[in-house]
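Biologist: Can you show me the model before we talk about how the chains meet?
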Amino acid sequence: MPSFSFKDFRLKTQVGKSIFRHGYSDDERDRALTVLTNVFFHLHPVKVRKSGARFGFTWCAGGLSFFVFLTLVVSGILLMFYYRPTVEYAYNDIIAMREHVPFGIMRELHRWGAHAMIITVWLHMFRVFMTGSYKPPREFNWVIGVILLVLTMLLSFTGYLLPWDQLAIWAITVGSNMARATPFLGHEGPGAALLKLGDIQLIHSGSDVRFALLGGNFVGAAALLRFYILHCVAIPVVVVILMAVHFWRIRKDGGISAPL
Amino acid sequence: MIETFKEAVNAFSSPMTIFTGAVIFFALLAAFPKFFTSTPVASSILLIILVFFGIGLTDDHFRAIVSTPDNVPIVGMLFIFGYFTWFALRKAVENDERLAAGKPAREKEEAEEKVMVFPYLIYIEFVAALFYSIMLVLWSIFLKAPLEDPANPSVSPNPSKAPWYFLGLQEMLVYFDPWIAGVLLPTLIILGLCAIPYIDNDPKSSGFYSYQRRRHGIVIFLFGFWILWVLLIMMGTFLRGPNWNFFGPFEEWDVHKLVPLVNVNLSEFVFIKWLGAGLPKEWYLRELPGIVLVLIYFALPIFVLAGTVFKKFVGTFGAVRFSIYMILLLTMVALPVKMYLRWAFNLKYLVAIPEYFFNI
């Protein structure tokens, strides 16, 4: 009986050789090629300091944050098949997802994944701080990291509104009410009254930064659409770009930090 | 027995006692990291927390709060961050002892040697991803995502809370107006985090765990993270009930709890209580004492410290960097200062100019 050998498939067939461009042995050359010829592994260098390849040093918190982000992209795309960001449909679509989708844990994967990402990103910052890895020459990458941390929380915050239940709109109402008090740019913020042309107030409840965020004076249909687009398109695009910079700079700044 | 314990905890609990207790514990930890990270002490602390948690779970109210689906991650986070704080400090203490004995840090020994990324690093990433995936699927199967009644703009729940990671900011609203708690402080937290590597920029102590070499920075960072961020999130989540009133961990959230509003402004202290005169009509006279006090709070430490304790520091750092560092630090400390002023004197605002929405 002919048996299937994965090794033979990899090394001898045209299909196998076309997919993988490296051998199958555990010598250094093949291990290096494994990293170099794979676009995903290629985010890494071929070799790292032994001190950096330790779970006790990195806690894998940064890598895990990226992985959690990827799982959120996947579960988020699945959710987008079912969800319509309008006041008429949003809540019912969430109910439908729960009631009609077999083994429906997509929403759970997405929601708990979002909480998990906040924790892993905080943990990553915590680790980088405790090992002093923010110091020169990595200071700019730390700044990128801080921005990514803020964007992570904004991603979670914008997603919080989408189920369109009581929990959602009141959490977003409480959160976005802060924007009213933005100095100069919120209509209840200090200094806003100073911005006027003659007798005309430039900053009022229909023109301030909260109005811009919600598309209205309260959390309504326009806010739902805005948060949906921010959550699914605008912020993720920025996050992906900044993550590219963040990962690239790790390499350029000398890899995972080590004592001088 | 358990009922007495719960009543005692409730009676003892207030924002001031909990905050003060946490600050004292933090100060002890910062002073004696070796003691607190030793296995017997650390495991005793864990045991105490677990016993408290276990007793708590027998209480219907406590159980309902900590098992609210969106609160579960906070409970998990406490244990994760508690563990890693212990882990990092323990490693740091170990390295400090090595450095004191003239040996290099543990990481230094391995820094010269290089290993292949495949398999050694990718293996770690793979196992971490696998472990996370299993945990997430189990979490998702056993805990349903919350879904309340459909959105209704005319019925506001009491209390209305922001998502949990912003509850530290919402808790600050007790002590500051929204323009400070919701806009200024978050902005300064972000800017302050970004400024860390430009203030603490000595590359010599980078890339390894150490407490003694970076004691100053670690103490500020851990204080900000644990006390001013995580502790406030916990208070905002677990201990703030209807009307944002404070409740003990085992206290039923009573919508009708009455809390007298007795807070007074500094101007009322000065002009009415101490001078026995009425409040001046013009806001700039009325608020002059507060404005002066705030300016002194920010200016005095900078000049005094620059001339005394931090003289050498200013020399190497430059006046601009030192001033930025001091302003960020003083702003951070202003939060607990204002909290204690509220608790001790029922002080509402240091500066209150409602005409311009400018209250501090």
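Modeller: First a term: two strands pair if DSSP finds at least two bridges between them. Keep in mind that this is a predicted model.

Biologist: OK. How many bridges join strand 1 of chain A to strand 1 of chain B?

Modeller: Three bridges, and the two strands run antiparallel. Strand 1 of chain B covers residues 114–116.

Biologist: Which residue is the bridge partner of A:Arg49?

Modeller: B:Lys114, in strand 1 of chain B.

Biologist: And the whole contact between the chains, how many residues does it take from each?

Modeller: 82 residues from chain A and 74 residues from chain B. On the chain A side, the elements giving two or more residues include strand 1 (47–49), helix 5 (61–82) and helix 8 (139–160). Helix 7 of chain A has the largest share, 14 residues.

Biologist: What is that side of chain A made of, nonpolar, polar or charged?

Modeller: It divides into 51 nonpolar, 18 polar and 13 charged residues.

Biologist: New topic. Which domains does chain B have?

Modeller: The domain assignment gives domain 1, made of 2–111 + 164–244, and domain 2, 266–359. Their C-alpha centres lie 27 Å apart.

Biologist: How many residues does the contact take from each domain?

Modeller: 14 residues from domain 1 of chain B and 13 residues from domain 2 of chain B. On the domain 1 side, helix 2 (15–31), helix 10 (178–199) and helix 11 (215–238) each supply at least two residues.

Methods:
Residues are numbered from 1 along each chain as its sequence is written. Chains are lettered from A and ligands numbered from 1 in the order in which they are written. This is a predicted model: local features need pLDDT of at least 70, side-chain atom pairs count only at pLDDT 80 or more; totals for chains, interfaces and linings use all residues. Two residues are in contact if their C-beta atoms, placed from the backbone, lie within 7 Å. Helices (H or I, at least four residues) and strands (E, at least two) are DSSP runs, numbered from the N terminus. Ala, Val, Leu, Ile, Met, Phe, Trp, Tyr, Cys and Pro count as nonpolar, Asp, Glu, Lys and Arg as charged, and the others, Gly among them, as polar. Domain bounds come from an automatic or database domain assignment.
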